[in-house]
Each structure stands twice: as structure tokens, then as C-alpha cells.
Amino acid sequence: MKYLSYPGCSLRSTGRAYEESLVAVFQALEIQYEELKDWNCCGATSYVSIDEMDAFALAARNLALAELQSPESTVKLIAPCSACYLVLSKTERYLEDYPEVSTNVNAKLDKAGLHYNGRVEVRHPLDVLVNDYGLENIVKHVQYPLKGLKVACYYGCQVVRPFAKFDHSHYPVTMDKLVQALGAESVDWPLKTRCCGGSLTGTTQEAGLRLNRLLLKEAQKRGADILLTCCPLCQHNLECYQERINRIYKEEIDLPVAYFTQLLGVALGLPEKELGMQRLFKKLSLEHITHPKGEMANAW
Amino acid sequence: MHGNGLNGSIRIGFYVCHCGHNIASIVDVKAVADYVKTLPGVIISCEYKYMCSDPGQELIQKDIKEHSLTRIIVASCSPLLHEHTFRAAVEKGGLNPYFFQMVNIREDVSWVHSDRRAATEKAQDLARAAVQRVFHHKALETKHVKIHPDVLVVGGGIAGIHASLTLANAGKKVYLVERDPTIGGHMAMFDKTFPTLDCAACILTPKMSQVKNHPNITLWTYSEVSKVDGYVGNYKIEVKRKPRYINEELCVGCMDCIEKCVYKEGRTPDEFNKGLSKRKPIYIPFPQATPQIVLIDPESCIEFKSGRCKKTCVEACDRKAIDFQQKEEMKEIEVGTIILATGYHTFDAKRIPFYGYGKYPNVYTSLEVERLVNASGPTGGEMILRDGRHPKTVGIIHCVGSRDKNTNRWCSRTCCMYSLKLAHLLKEHTEAEVYNFYIDIRAAGKAYEEFYDKLLDENVHFIRGRVAEVSDWAVRPSEEGKLIIRAEDTMIGIVRRIPVDMVVLAVGMEPQADSQDVRRMFNISCSTEGFFLERHPKLAPVDTFTDGIFIAGACQGPKDIPDSVAQAGAAAAQALTLIDTGEIELEPNTAFVVQEECSGCRTCLTICPYNAISRDEVKQKAYINEALCKGCGTCVAACPSGSIKQNLFEDEMIFSEINGLLEHTPAVCCE
């Protein structure tokens, strides 16, 4: 078994389309993976602000379980949600760098009969697809090149900061390279890693909407047909509040927002249902995306 | 056991130094002295506040005479600092200087430990090791080698030029080797110099032609040092002279050939103008280039690419100086000393993608702006942007590739001042609003702060804060078509968006890309960031750890023109000192082959890093050239028959030192 996957709670709720499309793409590309058994909440950004050490212990339980489940010397644990990816990466790093954190957390894990030995490497699916599987191999499976499609790739704030594990912390290009390999055009814009508002849309909505508006407006202004994300919270924020933003700020935003795995699935020719397309609010017109033989893309 | 029998004549004097509080605050010096007094062979053991002072040295000399001492040990600082001082004192007292041994209880003990008892014990252990070692010391003789009076200067920027002229004016013969087709370096590209606003060319080009015309200077441009052999006083250098495809003896620099080239317009980015203009395949870097000799770039010349050019350049040259058959030429020279003045290169602004260099056409590096404002630059001094506009607002971003954990941590020292200068020049040329984004203004230099004041009076804006990004992300109508600089203004605590027409990136100074290769070739050291390492940061700033090789200018670290010139003068003076002394003493810590035991297996020949070992093919034995040997000990360890020994590091000395260390006894502190 090559990879373990850690879905996290978002991919079982608002982000179901992310998991569905990820699973479909991994199956189509024959990337071997297995779900982490008995995983628990990563703690997200909330728990760490209440009690840092308990938060590390909560996240570390997943890392310890991963070691139990995989015999590999380096256990590659895929975390698709940006918050999970960040929290697990941070835990991995802190347990390695700070012996006092490691001792403390392992004492807590010990009570549950667990121990973490430092064998886990937390990975983002974008990193796995582009850098492990490789663009040249993905291209071989493309059925429907995304010719003529302009894509604004949006990475959000968490996948490259503060741990720039696979791309530049301020100007990432991994997703851009992926969509270019699929035949689409990636829109160059300076807002790739700017905050989407995170949970502010639920708490201080005005602040959250203002940030969402900046992103959506700029992507649309630069001619993007679609905005791609790699995070369930970003996708939710950017997709669901467009009408409210239009009403408050007198804007005319109308931009489909999908997961990068969904667009990848379209290019691979996977069926709409398998990619969770029906869960999107904003439909993307893909009439011009055709099979080399003239057949229309079957997704939408 | 040592006091009697075989070594009965060994009489040791031991001195432990307080070094003010440096040692005495952590090490119980009195306890160490009392302890050492009990050791066999020790006649005198005492402590003193500053052993390196004159009274300290005189104490040793007096004791040698009064107590007939035959070995001296001083426990104080690092041998790097004062071994020479004490050896000289011992010699003055009438003993062979190599009967002296130094114990480092400052850098190795007091500066790195905080537990007084443990530190005292360690000092005692080290002292006991030295006591047991000196029994085996032998009288050695210092060797002398002659210094060849000629000097090699590598790099023809302002530092190399100044060093060469200083030496040449003192009557020494200098070889100046420069890799570019002209000397002048970065300074030749600058428009004006801060803080006086002197025209850079006006003060530099006279020095360049002095170099060219000086009878004592051999100037080799478009050339690189390819091999360095030998040792202080006797270096053998191989220089590769790249072909210009022009006979240097015949060319007078009339440039008729350039005008008559079949290319009516230049097509290759001009290196001297940082790609802001195009040059022809036959060209001269700039009008005052020195030597004033053209060259042909085979990469873009039709004759080299296809062999079917009309060769109008050849027709135009009535001196028949063009030679398409010219080959690379190797020169061999002998020099006694070397000055490295290989300079720096500027930070590649593309490494910070969010500043948009290479992406937005109107983002420039400072060096490009130097060319743009220069009257002999690509636009004749007119500030025309890449998109044809004249800027009405300009943002200058400081510390690009400096003081930044993600790129280079060091301060490049020159950027604040040249940014102020460029702000002044931009205002003068365009009357634009100029914004400086800075972390701190570092204007430490003669008349530098005054220059900063002057700029404040010229209504240049200063915003204190690191720039987050440069983008074309317009959110207001007034920002459309502009570059937007986002930065925190830490003085008023808000994030500001400043729309500008032009961005200038004040790029920092970095070591040359091949500084590691150069370092290896000349066998000197680099600091972690890659600048050449000086022998001592304060007291030997132009010396290196390799005798006879000196460094000057920005290859040692970022510095401006006055500092580079000062260093170049210092390096020249150091070289002159060696040359005028005529000879140099060599440490006798060299290796030697016990001829009877050598089997001639050649193992040592291949591993010696200094090529100091040769093999006598008749006797079939290895032989070590003492002048070349640096005493690294590699061959001693590698010799399978144990027939190579090293002065000052013979087996008995090292084993007794180890034994001494291992006879650990707990300390009895005095307080």
C-alpha cells in the first residue's frame, strides 16, 4: 500500500465533492491508497488556540495510528483539506523539532496505548499528483484536453504557509502547471494565496465577504472561466456567497468554483456523478471541451 | 616518573594567564597553578594577569635564566592569537622557540563553560597533557623562503585597479587579470557616486587608462586564471587568454569595423547595458572600455555560425586586426604574492517572485536604472520605461535579497545609499514622485547621513516597512494600468497601497557565482555565505589563511567604493611588506620521510592536497618539499609503513599528550 488517506471532517460534509472526485481520480490513475482507520478530528485552527499541547496530542493520535497501519519506513499520509494538512504538518514538525513537545504528547498518547515514532510524512494530494505521480504520466491519461478554458488557480493561505513543503510560499505554481498540462490556460494573478476569509464568513461575515469579493472579482476581471481550489473551506466560501456579495456590493460576480480534482476528473473523462459535480451550485459550461474524436465531454 | 632518569634534564616552567576576567572568572587559575606545580618535571608554576604583556613575557625570560628552564608552557588563549608572541619570548630568553607549548584555556575552556569546578578540571587536564608532551619536544629550525617580487591581481574592478596602481607606483611588476573584455567592473556602469554625486566615469576612467599605460602593469583582459601552483613567494600561475578574434597589437579601437558590420542594428542583448540595448557581434563594451579593443562574439557572428559572411568588418579594418582563426592562449607567470579582487554579483530579483521582476516590464533592478539615467546609457539618459512611458511615480524597494531569511541574511551595506542616490537622480531626470520603502536607513559613512537629510528636503517619500508585493491588481480606478506596491507603513501602523509607474528593486550584493571554484583554486576559505574569508575580522582584514594571498573589495563582503579602495590599498601594502622583506619564515611543522623505512608505494603522492610530495625514481623513495608542505598530516596518517613523521606532531608527543589527558584528577578549587 503506497499511501494512507486522512479525509478529515470537511470531506464528509460540505466538501464531499472533493473526496468523491479525489477517489475517482486516484482510481482512474491507479494510485494505491487506503483510508486511515479510526481517524479523529485534526483539531483545525480552533483547538490549538485553546490548548496547544492537547491540540498536538489530538492531531498526533492520527500520526500514531498511521504508523500502526502502515509498515513502510516513511508513511505517506494524504490530507486533502488545507486545515488538516496544516495542522498535521505542524504537529509532524513540532514533534520532530521539539523534544519537550514530543515527550509531552507521547505521554498523552501512551494513555491510549499509542506512540508516535516520527515516521509519518504528511502530503497534500496536489503534491502527490504533480510531484509523485508526475505531470507526464497524468497527460497520458487525458481524454478531454481542456482547450480554451481559462482557470484561476487559488491555493489559499494554508497549503504553502508557513510550511512551503512543495511550492513557493508566496507564489505557488503547482496547480497552474497541472491545469496547463490538462490543456487549459492558467490565469496569472497575484491573489493566489490571499485569505478567503476562512471561518469569518460564519462569524464576522462582513469581513469574510469583503475578502471573498476581492478574490472573485479579480479572477473574473482577468477572464477566468472557473476558479479552482484545493481546500473545502475556500471552495465553500467562494462559491456560496456570490449572490450575497453581488447584492451588498453591487457586483456582478458569476464564477464557478470547483476542486482541482474535479477538473482533473473532467479531463480524464470520468462521469459527472463520480466527480460530485451535482453538488456544485455554479455550473460551468464546458461545451467547447471535446474529445479528440469530436465527442463532447460527458461531465456537464 | 618524568622528573628522573632519561629526562632528568627537563625543567618545565608553567604559566597560567588570567586574561583579565576572561579566564579567571570561570577557571580557578590559582588551583591550576598549584596543581601543575605537583607534576613531575615542573620547576616553576605560577599565574599572572596578562601573560602576553611585556612584564608577562619578561617573567618567562627571567625564569629561564634563573631556574635553567628547558621547556615553557603557557595556558592562555588560542595559539592563533599568541603562539608567535610566546615563541619569540622564549627565544629571547635563550631557548629554542619550539620548546614552547601553548594550552588554550580561553576559547576551549572559559568561554564555552559555565561550571567553575568542571572548567578548572578541564584546564588542569589540558595542562597535564602539555606537561607530558613537552618532554618529547625537539629543537627545530625555522626555514626561510625568498619572495618573488611580482604580484598577480585578479579582477579589474575599482579594487583591483587601485591595488595594481599602488603596487606599480611602488615599482613592483603587476599582472592584472580580468575576465571581462574591459576593466572597470561595476563602477564603470554607475552613473554617479554617493554622497558627492561625482560622475563615476569621470573619476574611474583616468585610473583605467593609467593601468593600461603603466610600464609596470601587464593587463590581460578577457582572461582567467586557470591554475595556481606553488606557495607564498613562489606561485606559478597559468592564465587562459580567451580569443577576442582581434589582434590586440594591431587594433587601435577606431571602431570602423563595428559600423561596417553586416548587421545594421545590434541584435544581441548588451551585457554592459544589462540587456536594455542591443549590440552587434563585433563590439566594444562601452566607449571608454580599457583596453580600447573590439572583440567578436562567436555566438552571434555570422562568419562563425555559417562561414558565409561578407566579412565587411575585415574590409573596414585597414590595420588587418581581425583574425577569425585566433585561438585561446595560455600564459605562465611566476609571482610571489596574489591579490584577489574578484568582486560581487547582484542578487537575482527573480528569486522573489512577488516583486514581479521579469513579469512586469516596468520593474527594474537598480543596476538597470544606473544605465537608464546614464548619459551614455541605452536611452542617452532619458528615463523611458520599457513600455515607452515616462514615469510620474516611482517606488524604490530596499533590501531586495538582503536582510531576508528567505534569501540572504546579510545587509548589503550599499543599497540604502545607492537608493537615495537613485531617488535623487530619478527626481532630477523626471520630476517624478519617488517613494522609498525601507527597513532602516543605514547611512553610516562620511557625509552619508547628510545626504539622507538632503533627500528628505527634496521631498522624496520614505515609508518604513517591508514591501509585501508588487502587482498589477487594481482595486480602484486610479490604480488601473499601474503597478501597485503593498507595504506596511510601520510608522502609522497601516497597510498602504501605492500605485506607481516604475518599481526599482534595490538588489543586494552576493558572492560571485563561481566563488567556491576560485576559493578552491587559490586554496583560501569562504565564510558560510560564500564571501572570501579574511584571516581575522578585525586585525587581519585583507589577509587570508593562505600566506601571500590577500583579498580586497566586495569579494570579501559587501562594500562601497571608498571601502573597496581602502581595502585595495591595504592589500597592496601587505603584499609590499612581504616583497620588501624579501623572504618569509616557514613553520617547521612539516612532514618528512624517514628514508630507510619508505617502501616507495606512492600512497602519499596521490593524497597530498598541496602536491608537496614527489618520488625519487632512482632511489624509489618519497620526498617531501618542505616549502610546499603545510603540515596537514594527511600523509603521516596514510603512510602504510609509518615512515612519514611530522615535526611537532611525532607519535611520542601525541601519545604522551593523550596519556596526560586521560590521567584525570578532580580539582581542588582555592575558593
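**Figure 1. The two domains of chain A in the predicted model.** The C-alpha centres of domain 1 and domain 2 of chain A lie 25 Å apart, and the model from which this value is computed is a predicted one, in which local features need pLDDT of at least 70, side-chain atom pairs count only at pLDDT 80 or more, and totals for chains, interfaces and linings use all residues. Residues are numbered from 1 along each chain as its sequence is written, and chains are lettered from A and ligands numbered from 1 in the order in which they are written. Domain 1 of chain A covers 3-123 and domain 2 covers 141-279, with bounds that come from an automatic or database domain assignment.

**Figure 2. The contact between domain 1 and domain 2 of chain A.** Domain 1 of chain A contributes 21 residues and domain 2 of chain A contributes 23 residues, where two residues are in contact if their C-beta atoms, placed from the backbone, lie within 7 Å. On the side of domain 1 that touches domain 2, α1 (16-28) and α4 (82-97) of chain A each supply at least two residues, and the largest share, nine residues, comes from α1(A); helices (H or I, at least four residues) and strands (E, at least two) are DSSP runs, numbered from the N terminus. That side of domain 1 of chain A divides into 12 nonpolar, six polar and three charged residues, with Ala, Val, Leu, Ile, Met, Phe, Trp, Tyr, Cys and Pro counted as nonpolar, Asp, Glu, Lys and Arg as charged, and the others, Gly among them, as polar.

**Figure 3. The open parallel sheet of chain A.** Four strands of chain A are arranged in the order β2-β1-β3-β4 with parallel pairing, two strands being paired if DSSP finds at least two bridges between them. β2 (33-35) and β4 (120-123) of chain A stand at the edges with a single partner strand each, so one side of each is left without a neighbour in the sheet. Strand β3 (residues 75-78) of chain A is joined to β4(A) by four bridges, and Ile78(A) stands opposite Arg123(A) in β4(A).

**Figure 4. The packing of helices α6 and α7 of chain A.** Helix α6 (residues 125-141) and helix α7 (residues 174-181) of chain A pack at an angle of about 25°, with their axes 10 Å apart, the axes being lines fitted to C-alpha atoms over the stretch in contact and the angles running from 0 to 180 degrees between N-to-C directions. α6(A) and α7(A) are therefore roughly parallel to each other, a term that applies to angles under 35 degrees. The residues of this contact divide into nine nonpolar, one polar and two charged.

Definitions and conventions
Parallel < 35°, antiparallel > 145°, perpendicular 65-115°, else oblique.
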